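Visitor: I'd like to go through the charged pairs in this one. Can you put it up?

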Amino acid sequence: MTETLDNIDLQILRTLQKNAKLTTKELADAVNLTATPVFERQKRLERKGYIKKYVAVLDPEKLNQGLLVFCKVKLKQINHEIANSFTRRIMRMPEVIECYNTSGQYDYLLKVRAADMKQYQEFVLNKLGEIDSLASLESAFVMSEVKQGYAINV
C-alpha cells in the first residue's frame, strides 16, 4: 500500500532534489518548519525508500569521459537465464552508466560514457562483442546535451 505524502513531505523532496547538501536547519528554513520535525520527516522518507541515496553529479568533460553514447542492444533470443546473464555482465562494465530493458525492436538501451571514439570502439569490441547472446547493436552518439535532469516532478 502506497503511503500518501503531504505537501511538506513533497516540499522536502523538491528542495533536496535541487540541493541535497542542505543542512537540516537550511532545509527546515526552506520548508518553514523547525529542524526536529524536518529531520524526522527526512529520515522517514529515507527509511520508506522515497529517497534512495544522495550523490554528487560530476562533470564528465573534466574527468575525460566526454563521449556519451546510447547503445541499443538486441539479443539473439531472450529468456530469464539469458537476460540475467546479460544484466550481470553489464553491471560489471563501468562504461555503462545506465541500462534499461526495453520493449520494441531492441531488448536493452545502454547509456555509455567513454573518453573518445577509440575507447568506445574498444568497449564495443572487447566487452560487448564477447557476449555470446548479442545479436546486434546500434549506437547513437550524442552531439550535445540539450537537457539533463535528475529531478522527478513531485
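Guide: First the term: a salt bridge is a side-chain nitrogen of Lys or Arg within 4 Å of a carboxyl oxygen of Asp or Glu. Note that this is a predicted model.

Visitor: How many salt bridges are there in the whole structure?

Guide: The search finds 10. One of them pairs Lys-43 with Glu-46, with 3.2 Å between the closest N and O atoms.

Visitor: Where do Lys-43 and Glu-46 lie?

Guide: Both are in helix α3, three residues apart, which is about one turn of the helix.

Visitor: Why does Lys-43 count as partly exposed?

Guide: Because its relative accessibility is 35%, and partly exposed covers the range between under 20% (buried) and over 50% (exposed). Glu-46 is also partly exposed, at 23%.

Visitor: Switching to Arg-113. What does its side chain meet in a salt bridge?

Guide: Glu-145, at 2.9 Å from N to O. Arg-113 is in strand β3 (residues 108–114) and Glu-145 in the segment after β4 (134–141), so the pair ties together parts 32 residues apart in sequence.

Visitor: Is Arg-113 buried or exposed?

Guide: Buried, because its relative accessibility is 8%. Glu-145 is partly exposed at 41%.

Visitor: Which residues do salt bridges with shared partners join into one network?

Guide: Asp-6, Asp-9, Arg-41 and Arg-44. Within that group, the side chains of Asp-9 and Arg-44 meet at 2.8 Å, N to O. That pair links distant parts of the chain, with Asp-9 in helix α1 (residues 7–18) and Arg-44 in helix α3 (residues 35–47), 35 residues apart.

Visitor: Are Asp-9 and Arg-44 buried or exposed?

Guide: Asp-9 and Arg-44 are both buried.

Key: Residues are numbered from 1 along each chain as its sequence is written. This is a predicted model: local features need pLDDT of at least 70, side-chain atom pairs count only at pLDDT 80 or more; totals for chains, interfaces and linings use all residues. Side-chain values use heavy atoms; hydrogens and water are left out. Helices (H or I, at least four residues) and strands (E, at least two) are DSSP runs, numbered from the N terminus. Buried means under 20% relative accessible area, exposed over 50%, partly exposed in between (1.4 Å probe, protein chains only).
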